[in-house]
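Trainee: Could you go through this model with me before I start making notes?
Mentor: Gladly; have a look first, and then ask whatever comes to mind.

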Amino acid sequence: MHSIAVVNQKGGVGKTTVALGIAEAASASGLRVLVVDLDPQANASSGLGVWNVTPSIDDVMSEAKAGAAISAICKSKWPSDGPQPDLIPGSHLLANREPLLASDPVGAQDRLKLALAGVAHDLIVIDCPPSLGLLSINGLFAADSAVIVTEPAAWAADGVDLMHSTVERVAGRLGTPELSGIVINRVGRTKDNRFWCEQMEDRFGGLLLPQIHLRAAIAEASGQSTALRSLGKRPGAQEAILQFDSLWLELSRQIRDGKRNSDHLATMQTSVPSTIDD
Ligand SMILES: Nc1ncnc2c1ncn2[C@@H]1O[C@H](COP(=O)(O)OP(=O)(O)O)[C@@H](O)[C@H]1O
Ligand SMILES: [Mg+2]
């Protein structure tokens with residue numbers, strides 16, 4: 001089993017989208033995948049077609065109990081002819097859980113890690129909330145590796161630095177998570193996007209993972225609570241599938257080899273292409 005936390009303290013950069021894209025790609029490759037919706041907005045659950053289900057992640061986080069997550073696992077509602085990751089459903093009640101967690105002197109940071117003990121899935125993808133609070137910290141404590149999602153925009157790199165140092169602080173105590181790298185998401189074909197992608201390349205170089213382009217098909221899949229593979233011949237869907245597959249290929253290579261290989265990453269294509277479908 002391997003667990004990946006998808007993080008950034010900023011909202012709207014594509015954490016949930018990338019978490020579900022990784023889950024879809026890994027599921028399609030034959031792995032048993034569990035998505036943990038750790039954001040009170042519960043967008044990962046909506047994206048998987050699941051609303052207001054109990055027990056939820058809030059119930060899981062309500063007590064410090066080994067294996068508490070297992071009884072909260074439910075099936076996604078993605079079409080049965082495609083990939084179907086399992087889910088620990090989100091809940092807006094989680095917003096009230098964070099201050100309560102802070103009053104636990106022993107288990108404030110590792111309650112999720114404890115709860116996931118004994119989960120038998122091959123891959124756990126933890127979709128973290130847009131904050132550096134205790135929920136995200138629980139996500140990092142429970143993760144073997146972390147993926148930072150960002151976008152090609154002004155000041156985004158500063159946010160990535162902050163998240164990177166948080167990942168390193170946790171890893172300094174636990175030994176994990178290892179930073180898998182940084183995904184630039186919503187890459188469009190504007191000059192501005194190209195400029196900020198170049199800035200990211202200068203600043204983060206070998207830490208950059210395969211990027212994800214801005215495509216209507218991606219927003220459509222999440223809006224329809226379905227997998228990209230279920231969009232049929234929708235323009236851009238196939239390209240989006242290929243990009244998430246490349247991202248998952250790199251992440252799975254890192255998991256297999258046990259480490260990030262900067263030389264390998266440096267040779268990967270990370271620049272903005274001249275054309276982007278739809
Ligand atoms: N690559 C992309 N192409 C098109 N739309 C995207 C892309 N990534 C994210 N979106 C859309 O942007 C919005 C915010 O993405 P989301 O994954 O919810 O961000 P976060 O989880 O960081 O808050 C959603 O409506 C989503 O569908
Ligand atoms: Mg989200």
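Trainee: What is the mean pLDDT of the chain?
Mentor: The mean is 93, and 93% of the residues reach 70 or more, pLDDT being the predictor's confidence in each residue, from 0 to 100. Over residues 262-277 the pLDDT is below 50, and that stretch has 24 contacts in the model beyond near neighbours in sequence, a contact being two residues whose C-beta atoms, placed from the backbone, lie within 7 Å. Where pLDDT is low, the predicted coordinates should not be read in detail.

Trainee: OK, the sheet then: what is the strand order?
Mentor: The order is β3-β4-β2-β5-β1-β6-β7, in an open sheet of seven strands with mixed pairing. Strands (E, at least two residues) and helices (H or I, at least four) are DSSP runs numbered from the N terminus, and two strands pair if DSSP finds at least two bridges between them. The edge strands, each pairing on one side only, are β3 (74-75) and β7 (178-184).

Trainee: And what pairs with β5?
Mentor: Strand β1 (residues 2-7) pairs with β5 in the parallel sense over five bridges, with A5 opposite I126. β2 also pairs with β5 in the parallel sense over five bridges, and there L34 stands opposite I124. β2 (residues 33-37) in turn pairs with β4 (residues 86-88), parallel over three bridges, where V36 has I88 as its bridge partner.

Trainee: Is β5 buried or exposed?
Mentor: Five of the five residues of β5 (residues 123-127) are buried, which requires 20 or more other C-beta atoms within 10 Å of the residue's own, with exposed meaning 12 or fewer, partly exposed in between, and C-beta atoms placed from the backbone. Both faces are covered, with L123, V125 and D127 on one side and I124 and I126 on the other.

Trainee: Switching to α4, which residues are buried there?
Mentor: In α4 (residues 94-101) they are L94, R97 and L101. They lie on the same side of α4 because they cover an arc of only 40 degrees around the axis, the arc being that of the directions from the helix axis to the C-beta atoms. N96 and P99, on the other side of α4, are exposed.

Trainee: What covers the buried residues of α4?
Mentor: The cover includes α3 (57-60), α5 (111-115) and α6 (134-141).

Trainee: Which residues come nearest to ligand 1?
Mentor: Of the 17 residues around ligand 1, those are G14, K15, T16, T17 and A219, where a residue counts as near if its C-beta atom, placed from the backbone, lies within 6 Å. The elements giving two or more residues to this shell are α1 (15-28) and α9 (216-223).

Trainee: Last topic: where does S225 lie, and what does it touch?
Mentor: S225 lies in the loop between α9 and α10 (237-257), and, leaving out residues up to four places away in sequence, S225 touches S46, G47, L48, G49 and K77. S225 counts as partly exposed because it has 17 C-beta neighbours inside 10 Å.

Trainee: And L162?
Mentor: L162 is in helix α7 (residues 156-174), and with 15 C-beta neighbours inside 10 Å L162 counts as partly exposed.

Technical notes
Residues are numbered from 1 along each chain as its sequence is written. Chains are lettered from A and ligands numbered from 1 in the order in which they are written. This is a predicted model: local features need pLDDT of at least 70, side-chain atom pairs count only at pLDDT 80 or more; totals for chains, interfaces and linings use all residues.
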